Amino acid sequence: MKKIETLFLCFTFIFIAMFAHPQLTYEFSTPKYFFLVIFAAALIVLFMARKLMEKDTSLYLSWAHLGFFLFGVSAVVASFSMLRENAIYFPYPFELGMYALLTVFLSVYLSNFFKEKTEIMVFLTAVLIAGFFVAVEALMNYYGGQSFFLGTYGGGGKMQMKATIGNPNFVSDFVASLIPIVVYFAISNRYGFRFESGTTDKKRYFFFLGIKCFAVVLFFLFYLVVLLASTRAVLFALMGGFAVFGILAFLMRKKIFGPVETFTVLPEKTGKEKNPSKRKLAQKPLSVKPLSLIALCAILAIFIFLPIVLSVPGNFLGATVDVVDRAATSFDERGFQTTGGKGRLLSWAASIYQWKEYPLTGNGLGTYKLKDADYLAQVMDDHPEYIDVWNNYKRTHNDYLQVLGEMGLFGFLTMIATILLLLVQLTKMLKRMQNGDDILLLLLFAVCFIEIMGHSFTEFPLQMLPNQLWAVALASIGFGAYFNRDLSLAKIVRIKKHYWLLLLAAVLGISLITGFLKYHSFLAEVFFKEGNTYYSYLSQVESAKADLKNKEQEYTELQRQLEAREGNYAGFNPDVYMQKKLAGQNVNGMSPVALNQLKIKILGDLEKEVDAEEQKFASIFSQIDSKKTEYQGLSQTYYLTALSSFERSIGHTPALGKSFFYVALLMVRPERKERLIAEFNQAKDRLAVLGKHFAGEVEERQYILPEYRDLLLEEDFAVFNGLIKSGMPFQDLIDELRVSLWYDIQMNQDSLDYFETSLKVFSEKNTFRIMGKTCFQMIGYLQELNATYKEWAVRNPEYAESMQRLIFGHEEQIKTKIGELQKWMDTALYILPGSWHLFPDWENVYQEYITMLSRIGTPVEYYGKIKEIVEKRLYSIDYTHRAQQLAVPSEIPNIYRYMVQYFHEQQKFQEALMLYKEAIDLLKGPYAWNRADLTGNPYLNDAGRAKIQSYLHDYEKLEADLSQYYHSLQKHFQSINEQGMFEQYLLVDWRLNELTGETWEDPTYESVQLRLTQMAETGLKE
């Protein structure tokens, strides 16, 4: 039975490492987790059942198992903080906590399962087979952009090396952590295999030779993948692990390098031997040691020369990678800043901020990504030097600090205690172990473990499969019953049968709960992937529609040219056509009758050609109309499929969150409006459908949380219903009250409501920006609706009171939306104030915000807010510049020019002058450093230089404009004063500054001129 269990365990590891499916894989680890829960539960149950049948209820347990158990318990306990705070998200941290607890039982199982070296070697062989397939898949991705499991990846290259793990960093981590095992297979002289009786020494010898050849090939493949991926943390961690190995191996060399097994090879018999004694003399002892030395030399040669080969352009491997240069960037200030080092410090600090919020028990695994934008923003607010390295990290990129943030001090200490117990146990075990080959294998296990744990300082391999499973297996086997025969920090516990059954029930219970949760997470992601696919199809159809529209416009223009006989069809002008056709004819030799007949024939030919062209156009336009219908049908199909898939995803696990975001985007799709209006137009009781759409429930709104569900036009429908009852014609009201506009308003509100719901379970920087823009859109719609109501009320004064009530209500809604617009846009600026070299489109958000404010109000109303936004922009630019990134406030001069122009036209001259001066004062610093950057910043490219030069020109022109404006005002004031009209026309402006609120009770022409000079002088060129 144990052989079956061993095969099943090997199958489990290979399956988890290799599983990927084009329809089921989005995040590569999610389906792996689901299957691992099933297989792990089955393995543990089989093990416990066998133990019961054998009447052996003993278990090997170590203190490290206890520490790991406390970690699992703390993970479950921490999740209940989220139950109190945010119940809709609670299932996710609870699922991760239950999985962590199940992993504890898996660890105990692995520690107890392996009792003999042979079993360990079989398992390690399976692990290497899994690694072989992962490495081959990664190389297929790199060189050909192809995947055996997922089809075409793209153009190939480093970032496409996803293999079946999902991220090049974790692919390289996995294969790098197998390299020490490969080294063991290459250099070991005793593998622990037991050969069947009758096996010849020669067969045994070649068995060892085959293993070592296989090991050398694997080393080449694994090392090549690691070098191509060039993950610096993996390289450093692996080197650190082998450094530790070298020291310990040297200290324990007498135990490790003991007597080597040799085999005797006899010459084969050929018929009847005449002299058997000669055969005895021909015996040749074959030692395994030379094979190990040869394999070791081959590995060292690959280790030394493969990086050199890859550094040579045009090498036979078809890839150029300078590993030394890549590694060196970690110690270079610029490299540390631009290649992720500084960004990781920001995310690490964010986890510390999370820990401060939940210091003792945390709020559950997987909660960092729920509020990561908030934590990152808090760090940047306190430490603006990190503004330039914000990145869309959903994990801390440090497993230890993420545990601290998510599980609090208790979870962190249980993790640290477990690691320390393992270190102490390793020290004690090495002192007592005598078998040199076991010591060698255990030390190389330690190298594997160091690599994974070291990489965990800058990434999160312990959250990914199969990396996590391999780490658990390494620790469980390495510190398990086989290696720890002397029971260092461990003991054999004998459990009574009824407690054993209780333990079995606990395992089954935890497995069922974890499996249930993982199943729904798995399906939620599958349906999200499907929805995301069809959502992308909508974009493709939109692109095709745009192309079709352009083509229609092109042919419409050609058709117009045909009708006008111009452009491409100028040759169809009768005179031109006639002249062309008569050319070359002997017109002079024709009789008038013959010439007239020829002209009639030519005109007939022209008419035929025109008819042919018109028929061609008719055919083309018919095809275009057919395509329009086809695209319209596809749009509706894709829209409905995407919406259904996202909704099914939410139905399985709302905590996934991403589906809410996309449903919010779908709420404002034109396909939705078409369906709603079609439902309204085709209904027998159209009033009832209208009531459902604007005062009731529609299916699309079903997943909006009740506290966010808003029906802005409920009162409008009530008034509409009253008008119908009073005898007003239904269709006239539909047209005159612009009910079509109602759909635009409510669709946008539904989108906002879904976005707000999404924030409970999903953090996405674009959410806030989209919500701000949606509020701006709704303000315009509500203003337009109010204008319509006002016009209708004038025509129907008997209903003016009802309309006025609606108008007042919408004006309040407009005020609310203006407040929401500022709230969401302020949040957008807060969470991502800079990092424009990574997110270039985000730099426009400042100008976008100011533009929206300018359109919904005047500079008088929003000057304070506009100045605040400008100052935030310049603050971010300052710290971006300090990091030697491009920092140019290109849009600010034009923003101030717009406001100056507004006040100048209003004859508010002191406000206009003040804005000129303020702009120059604000932009003086960026002008100075950008001017210096033109020659002093070595990282500028041509586009950056051009942008800086354009800004410098704008600033200098702004200074010149201020000077000119100042002098023109002086002359204007003098002229008006000489005419005796200064007090009448211009003095009013100086009594109140509308921007600052400053009042001046007794201004005079002389004092105004003095104030004018004082205001302008600091902005004038020296």
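This is a predicted model: local features need pLDDT of at least 70, side-chain atom pairs count only at pLDDT 80 or more; totals for chains, interfaces and linings use all residues.

User: Which residues is A475 in contact with, leaving aside its neighbours within four places in sequence?

Analyst: With those neighbours set aside, A475 touches L422 and F449.

User: Next, salt bridges. How many does the structure hold?

Analyst: A salt bridge here pairs a side-chain nitrogen of Lys or Arg with a carboxyl oxygen of Asp or Glu within 4 Å. The structure holds 46 of them. One of these joins the side chains of D372 and K394, with 3.5 Å from N to O.

User: Why does the pair of D372 and K394 tie together separate parts?

Analyst: D372 belongs to helix 15 (residues 372–382), whereas K394 is in the loop between helix 15 and helix 16 (399–432), so the bridge ties together parts that are 22 residues apart in sequence. As for burial, D372 is buried with a relative accessible area of 0%, while K394 is partly exposed at 23%.

User: What is the distance between the closest N and O atoms of D438 and R485?

Analyst: In that salt bridge the closest N and O atoms are 3.7 Å apart. The pair links distant parts of the chain, 47 residues apart: D438 is in helix 17 (residues 436–455), and R485 is in the loop between helix 18 and strand 6 (490–494). D438 is buried, with a relative accessible area of 2%, but R485 is exposed, at 52%.

User: Where do E557 and R560 lie?

Analyst: Both are in helix 19 (residues 497–564), three residues apart, which is about one turn of the helix. E557 is partly exposed at 33% relative accessibility, and R560 is partly exposed at 36%.

User: Now the surface. Which residues gather in a patch of negative charge?

Analyst: Asp and Glu count as negative. In this structure the surface patch of negative charge is made by E563, E607, D611 and E614. Helix 21 (residues 592–652) gives the largest share of the patch, three residues.

User: What is the relative accessible area of D611?

Analyst: It is 33%, so D611 is partly exposed. D611 is part of helix 21.

User: Last, distance. How many residues apart in sequence are A475 and Y184?

Analyst: Separation can be counted along the sequence or taken through space, and the two are read side by side. A475 and Y184 are 291 residues apart in sequence, with 17 Å between their C-alpha atoms. A second pair is P670 and M159, which are 511 residues apart along the chain and have C-alpha atoms separated by 36 Å. P670 is in helix 23 (residues 670–682), and P670 is partly exposed, with a relative accessible area of 44%.

Terms used. Residues are numbered from 1 along each chain as its sequence is written. Side-chain values use heavy atoms; hydrogens and water are left out. Patches are made of residues with over 30% relative accessible area and no salt bridge: like charges are joined within 9 Å, nonpolar side chains (Val, Leu, Ile, Met, Phe, Trp, Tyr) within 5 Å. Accessible areas come from the Shrake-Rupley method with a 1.4 Å probe; for residues, only the protein chains shown count as cover. The place of a charge is taken as NZ of Lys, CZ of Arg, CG of Asp or CD of Glu. Helices (H or I, at least four residues) and strands (E, at least two) are DSSP runs, numbered from the N terminus. Buried means under 20% relative accessible area, exposed over 50%, partly exposed in between (1.4 Å probe, protein chains only). Contact means heavy atoms within 4.5 Å.
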